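Reader: I am new to this structure and would like to learn how to read it. Please take me through its features one at a time.

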Amino acid sequence: MKRYYLGIDTSCYTTSCAIIDSDFQIVGEARKILEVKQGERGLQQSNMVFQHTKALPKLISELPQLPISGIGVSGFPRREENSYMPAFMVGLGYGQSLSHMMNVPLHVFAHQENHILAALREIGHLPTHPFYSLHLSGGTTELVLTEYKGKGIFARSII
């Protein structure tokens, strides 16, 4: 029997959600790029939070209604920094609420880990040895030595 998983990411420039099946195939996805005013270089966290809060309910309603077995969400930028960014709190809050109401597990990942997992999904397997990953996200560009530790967790060091 196929299982379905909801993923949510509320990063600095995009509100995203998707459903994948137990074969790692995307069965539905929706995203909205946040609006940056003409002539500005980015967004303040409060503006990101407002735009994510406004966009996420509509995006989730665009996904197919399927029995969800678990939820994954970006809760912070990088795991090792133990950092906090309000933009990620929107997705984390939705993930926690939906997890509770649906009685399914919630898995909190770092935004950087989600980028790596998305690329590995395209490859179709998880490497058993260290590898390099290039993380490009918003204003971030990093070459990262990466080693998969299991359960979506990576040991990483920025080169």
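Author: Let us begin with a term. Contact means heavy atoms within 4.5 Å. The model you see is predicted. In it, helix H3, residues 111-123, lies across S1, S3, strand S4 (68-76) and S5. The direction of H3 makes about 100° with S5.

Reader: Which strands make up the open sheet, and in what order?

Author: Two strands pair if DSSP finds at least two bridges between them. Here five strands form an open sheet in the order S3-S2-S1-S4-S5, and the pairing is mixed. S3 and S5 stand at the edges with a single partner strand each, so one side of each has no neighbour in the sheet. From one strand to the next, the twist averages 15°.

Reader: Which strands does helix H1 touch?

Author: Helix H1, residues 45-61, packs on the sheet and touches strand S1 (4-10), S2 and S3. The direction of H1 makes about 30° with that of S2.

Reader: How do S2 and S3 run, parallel or antiparallel, and how many bridges join them?

Author: S2 and S3 run antiparallel and are joined by seven bridges. Two residue pairs show how to follow them along the strands. Ile19 stands opposite Gly28 in S3, and Thr15 has Lys32 in S3 as its bridge partner.

Reader: How many residues lie between the strands of this hairpin?

Author: The hairpin of S2 and S3 has four residues between the strands. Phe24 is placed in this loop, between strand S2 (14-21) and strand S3 (26-33). Phe24 has a phi near 65°, which is a positive value in a residue other than glycine.

Reader: Where is Asn103, and what is its phi?

Author: Asn103 is found in the loop between helix H2 (86-102) and strand S5 (106-110). Although Asn103 is not a glycine, its phi is positive, at about 55°. With a relative accessibility of 71%, Asn103 counts as exposed.

Reader: Which residues form the nonpolar patch on the surface?

Author: A residue of a patch needs over 30% relative accessible area. In this model Tyr132, Leu134, Leu136, Leu143, Leu145 and Ile159 form a nonpolar patch on the surface. Together they have about 630 Å² of accessible area.

Reader: Which strands supply at least two residues of the patch each?

Author: They are strand S6 (131-137) and strand S7 (140-150). S6 gives the largest share of the patch, three residues. Tyr132 is found in strand S6, and at a relative accessible area of 59% Tyr132 is exposed.

Reader: What is Lys149 in contact with, leaving aside its neighbours within four places in sequence?

Author: With those neighbours left aside, Lys149 is in contact with Phe154 and Ala155. Lys149 has its place in strand S7. Its relative accessibility is 54%, so Lys149 counts as exposed.

Technical notes
Residues are numbered from 1 along each chain as its sequence is written. This is a predicted model: local features need pLDDT of at least 70, side-chain atom pairs count only at pLDDT 80 or more; totals for chains, interfaces and linings use all residues. Side-chain values use heavy atoms; hydrogens and water are left out. Patches are made of residues with over 30% relative accessible area and no salt bridge: like charges are joined within 9 Å, nonpolar side chains (Val, Leu, Ile, Met, Phe, Trp, Tyr) within 5 Å. Accessible areas come from the Shrake-Rupley method with a 1.4 Å probe; for residues, only the protein chains shown count as cover. A salt bridge is a side-chain nitrogen of Lys or Arg within 4 Å of a carboxyl oxygen of Asp or Glu. Buried means under 20% relative accessible area, exposed over 50%, partly exposed in between (1.4 Å probe, protein chains only). Axes are lines fitted to C-alpha atoms, for helices over the stretch in contact, and angles run from 0 to 180 degrees between N-to-C directions.
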